[in-house]
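The sequence and structure come first.

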Amino acid sequence: MIVNCYKKLKPQNTKIKYLDLIKLISNTLGIGLNKIQTTISEYNQTKTVTSPNRKRKKPGVVDKIDDFDKDAIRRKVHSLWFDRQLPTVAKVLTSINEDETMPNMKETSLRTILKSLGFKFIKRQRNSILTERKDLISWRRKYLISIRRFREEGRPIYYLDETWLNTGDCVNKVWIDTNVTSFRQAFLEGLSTGPQNPTGKGTRLIVVHIGSAAGFVPGGLLCFQSKKNSSDYHDEMSGQTFREWFEEILPLLEDNAVIVLDNAPYHSVRKEKTPVSSWKKADIVEWLVSKGEEIDATKLVKNDLMEIVQRIKPKYNSYVIDELATTAGKTVLRLPPYHCELNPIELAWSMVKSYVKSNNTTYKIIDVKHLLHQAIDRVRPEDWQSFIRHVIDEENKIWGVDFICDELIDELQTDPRHVLTIGDSTDSANDEDD
């Protein structure tokens with residue numbers, strides 16, 4: 001378009017200045033001056049133009065599986081620890097592929113997923129085992145200690161989370177009459193041809209709610225229609241949207257409540273940005289001075305400044321919703337990463353989705369919203385209490401598995417051959433001992 005317009009307008013405006021010609025083309029096509037100038041310059045030099053290389057980002061194997069499957073994979077690894085077996089990729093892969101409720105996968109995919117979940121390989125000669133990163137273990141231990149203490153104190157505990165529903169969601173299998181082979185036969189015999197099938201996934205609904213042992217909090221539901229064509233429903237939520245909803249539900253909770261949530265980015269919007277190494281030196285100095293630090297920029301390099309930032313940073317690492325909760329007399333407690341099984345609302349969502357899928361026959365958004373409200377109303381306080389008891393059992397199991405891991409790894413370390421930590425999972429790809 002730019003080249004054709006340039007070829008047409010140039011002969012008609014032989015006396016016009018070059019920059020004025022660029023502006024004329026820009027006004028004609030509605031395209032920016034820089035793009036027009038670089039395109040024409042390239043054309044004049046090479047007599048051709050190259051198309052911009054716009055590659056669509058394809059979802060990887062980690063993006064294609066949901067949180068439930070990720071949680072199930074983590075459980076497979078932990079179940080081997082519970083059985084006092086050393087987990088290897090081969091054992092975990094066999095366990096996953098033999099489970100009909102889980103998707104089949106290849107070893108390379110499993111390695112990628114395990115790495116994304118914070119697992120690493122510890123290798124002893126030809127025996128390699130899976131263990132978790134120390135920071136994840138530490139976070140999990142602190143969470144379990146905190147949640148147990150809050151329960152002992154008798155504080156009300158609420159659990160919140162987001163999920164999604166597609167208007168095309170329905171049960172996978174239904175009973176059909178195989179004797180009915182055509183619409184004409186069904187019409188003549190007064191029969192049906194079976195349920196109508198959805199044409200696709202349909203519109204996606206993003207759902208947010210919060211609940212406790214007393215059930216879902218009345219008035220706590222947020223449901224809105226997805227606008228992005230993204231495989232991850234988390235992309236739909238923004239920090240501002242979540243904050244507005246969070247401010248509205250805080251008055252609905254009991255006094256001195258504890259609010260358990262995960263580490264989604266919109267849950268963790270910081271109250272104030274703190275310097276990082278990509279900041280300009282002047283901006284880092286300005287931030288430090290604003291915090292009361294005496295800085296002589298002529299004697300300090302950027303690395304020195306960042307060391308000061310790291311020292312005082314913990315005092316300014318507060319989150320927006322944590323401050324809102326504290327002001328309202330409540331406490332936010334974050335789940336350790338990759339541990340959605342410790343949030344009982346996940347079981348409530350499973351119950352809600354099952355009801356919607358079983359009763360969705362029209363695949364219309366208004367009907368699916370109505371089914372969603374019905375499904376939420378059907379989750380009784382007794383169900384929530386059962387979900388919470390299940391989660392407490394899971395907490396106890398996870399608490400114990402860390403001790404089992406220590407014992408088995410200690411047994412490995414008693415061998416004269418020392419234990420090595422492998423940074424890249426591919427290094428041990430050919431060293432598995434089944």
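## Cysteines

Cys5 counts as buried, at 10% relative accessibility, where buried means under 20% relative accessible area, exposed over 50% and partly exposed in between (1.4 Å probe, protein chains only). Cys223 is partly exposed at 23%. Zero disulfides are found in a search of the whole structure, a disulfide being a pair of cysteine sulfur atoms within 2.5 Å.

The model is predicted: local features need pLDDT of at least 70 and side-chain atom pairs pLDDT 80 or more, while totals for chains, interfaces and linings use all residues. Residues are numbered from 1 along each chain as its sequence is written, and side-chain values use heavy atoms, without hydrogens and water.

## Helix α6

Helix α6 spans residues 89-97, and Val89, Ala90, Val92, Leu93 and Ile96 in this helix are buried. Seen down the axis, the buried residues of α6 fall within an arc of 165°, so they line one face of the helix.

## Packing of α10 and α13

Helices α10 (residues 239-249) and α13 (residues 320-327) pack at about 10°, with axes 11 Å apart. The two are therefore roughly parallel (angles under 35 degrees). Phe242, Arg243, Phe246 and Glu247 of α10 meet Val320, Ile321, Leu324 and Ala325 of α13 (heavy atoms within 4.5 Å). By class, this contact has six nonpolar, no polar and two charged residues.

## Positive phi

Lys47, not a glycine, has a positive phi of about 60°. Lys47 lies in the loop between α3 and α4 and is exposed at 59% relative accessibility.

Tyr363, also not a glycine, has a positive phi of about 60°. Tyr363 sits in the loop between α14 and α15 and counts as buried at 17%.

Notes
Helices (H or I, at least four residues) and strands (E, at least two) are DSSP runs, numbered from the N terminus. The arc is that of the directions from the helix axis to the C-beta atoms. Axes are lines fitted to C-alpha atoms, for helices over the stretch in contact, and angles run from 0 to 180 degrees between N-to-C directions. Angles under 35 degrees count as roughly parallel, over 145 as roughly antiparallel, 65 to 115 as roughly perpendicular and the rest as oblique. Ala, Val, Leu, Ile, Met, Phe, Trp, Tyr, Cys and Pro count as nonpolar, Asp, Glu, Lys and Arg as charged, and the others, Gly among them, as polar.
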